[in-house]
Amino acid sequence: MNELLAIIEQEPFFEDMAPEHRRLLAACAAKRSYTAGTRLMRDHEPTETFWLLREGQVALESPLREGRVAFQTLGPGDILGWSWLLPPYRASYDARAVTDIHTLHFDAGVLRERMEADPAFGYVLMKHFAALIVQRLQAARLQALDIYSHGGPGHGT
Amino acid sequence: MAPETLQPRADSALPEQAMAPQPWRIHSVRPDVASNEVFSWTLYPEPGVEPGAMPAPGQFNMLYLFGVGEVPISVSAITADGGIVHTTRAVGSVTRAMQELRPGAVVGLRGPFGTAWPLEQARGRDLVLVAGGIGLAPLRPVIHAALERRADFGRVVVCYGARSPGDMIFRDELDAWAARGDLDLRVTVDRGTAAWRGDVGVVTQLIDRGGFDRRNTVAMVCGPEVMMRFAASSLERRGLKPEDIYVSMERNMRCAVGFCGHCQIGAQFVCRDGPVFPYPVMEPAFRIREL
């Protein structure tokens with residue numbers, strides 16, 4: 001527990017949380033490692049977990065008829081998974097370990113119960129995830145703009 | 001108080017010869033992507049030409065194709081024997097004509113112009129460089145300088161985003177930087193391929209991974225303006241002060257000495273007061289549509 005708390009305290013995602021909220025998170029966390037190729041989430045399947053990625057790389061992929069296409073990768077310090085927050089608690093993409101990965105795994109089902117029971121904690125965690133989702137949404141918009149196809153500094157006219 | 005702009009180097013080409021192109025010969029042409037849409041020239045002065053001050057990292061030269069036109073091109077490297085490397089993307093009439101030139105051709109060069117990246121200000125601090133697309137070219141001399149004087153800086157983090165693996169420039173050098181233990185190179189592409197094993201996503205997500213001291217870091221950002229705006233937001237979110245963030249702007253520079261006004265943004269002339277600006281100077285302009 002102390003080791004998990006120490007890890008959480010060092011991560012920017014949790015840095016402005018109150019000590020009691022970090023302890024709640026640590027109580028729902030466990031260290032988990034996965035080998036390359038492990039499928040952590042599958043599109044449309046129930047998910048009751050989120051992960052803090054500590055080492056390695058995870059690809060977020062959309063299944064297509066022709067196979068899968070990675071639209072984003074996550075690395076150390078990144079949070080994987082927010083589908084546990086809102087009904088129907090189903091993943092909206094695949095997540096696959098590209099390399100061997102080390103994570104903190106959070107039991108989100110239990111966390112959700114804690115959030116309901118302690119609205120202050122629920123609000124704090126929801127705010128953190130809302131910020132994360134906004135950040136990812138903005139990144140997705142930037143990606144969709146295809147900004148590099150329209151030039152950029154240093155190349156004249 | 002309004003943020004101050006950077007001062008042009010005292011030994012820059014102003015005013016002598018600032019308007020008179022000098023003949024420089026193309027020694028070599030190197031395609032930087034398979035399509036040759038991006039290419040680098042290494043130029044040397046013709047006999048009798050006094051090369052003058054070497055460009056500082058971030059400065060640019062005006063390159064003149066006789067009978068075609070003149071364009072501002074950033075300097076992407078200085079060779080050990082005084083050659084200047086310019087990296088260009090063929091996107092307009094002049095740069096497409098440049099694409100056709102081969103070693104031995106002579107072009108006109110005047111410069112260097114503009115402000116440089118504030119390397120001295122970064123001394124003793126962490127250095128974060130954020131490049132998008134061909135924006136890596138104006139930052140490459142900073143990387144060279146930082147590696148030459150590696151002990152002068154803390155952590156050196158280079159975040160580079162490209163459209164796809166095939167659009168990444170300086171691939172050999174990226175591989176060499178990745179192999180070094182004293183530089184943290186992070187590369188991502190907006191669109192991966194089946195063979196791509198690196199990161200996918202926008203360059204700002206590489207900033208979000210941290211790995212630098214938020215209280216003691218200087219960041220230099222170069223790429224499309226929308227990318228620079230998002231990168232600056234990410235850097236601020238990571239705790240950097242706006243005044244520790246620098247951006248390199250591009251506008252339609254003609255005279256390069258602040259006379260003609262073609263490159264004016266508000267009260268700033270990009271050619272004279274930039275192209276490198278403290279972020280607080282340019283931040284208001286980023287919020288003005290179609291400026």
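Where does B:Pro103 lie in chain B? In this predicted model, B:Pro103 sits in the loop between H1 and strand E6 (106-113) of chain B, where helices (H or I, at least four residues) and strands (E, at least two) are DSSP runs numbered from the N terminus. Leaving aside neighbours within four places in sequence, B:Pro103 is in contact with B:Ile26, B:His27, B:Ser28 and B:Val29, contact meaning heavy atoms within 4.5 Å. B:Arg254 is 151 residues away from B:Pro103 along the chain, and their C-alpha atoms are separated by 26 Å.

A word on bookkeeping comes next. Residues are numbered from 1 along each chain as its sequence is written, chains are lettered from A and ligands numbered from 1 in the order in which they are written, and side-chain values use heavy atoms, with hydrogens and water left out. Because the model is predicted, local features need pLDDT of at least 70 and side-chain atom pairs count only at pLDDT 80 or more, while totals for chains, interfaces and linings use all residues.

Chain A has 4 helices and 8 strands, and along the sequence they run α-α-β-β-β-β-β-β-β-β-α-α. Its C-alpha atoms fill a box of roughly 60 × 35 × 30 Å, taken along the principal axes.

Now for the place where the chains meet. The contact takes 30 residues from chain A and 42 residues from chain B. Together the two chains bury about 2900 Å², with 53% of it on carbon and sulfur atoms; buried area is the accessible area (1.4 Å probe) that two parts lose on being put together, summed over both. Of the area that chain B buries against chain A, B:Arg89, B:Arg209 and B:Glu250 supply 18%, more than any other three residues.

Between chain B and chain A the count is 4 salt bridges, each being a side-chain nitrogen of Lys or Arg within 4 Å of a carboxyl oxygen of Asp or Glu. A:Asp146 takes part in a salt bridge with B:Arg191, with the closest N and O atoms 3.7 Å apart. A:Asp146 also meets the side chain of B:Arg163 in a salt bridge (2.6 Å, N to O). That pair crosses between chains, from the loop between E8 and helix H4 (171-179) of chain B to the segment after H4 of chain A. Over all chains, the count comes to 28 salt bridges.

The largest pocket has a volume of about 780 Å³. On a 1 Å grid over the protein atoms alone, a pocket is an open set of points where a 1.4 Å probe fits, with protein on both sides within 12 Å along at least five of seven lines, and lining residues have an atom within 4 Å of a point. The volume is the space filled by probe spheres set on the points, which are joined across faces, edges and corners. The lining has 35 residues, and A:Phe13, A:Gln135, B:Asp208, B:Arg237 and B:Arg238 lie nearest the centre. H4(A) gives the most to this lining, with 9 residues.

Most residues other than glycine have a negative phi, and most peptide bonds are trans. A cis peptide bond joins A:Pro87 and A:Pro88, with omega about 10 degrees. A:Tyr89, in the loop between E6 and E7 of chain A, has a positive phi near 60 degrees. In chain B, the bond from B:Gly111 to B:Pro112 is cis, with omega near 5 degrees, and B:Pro112 belongs to strand E6.
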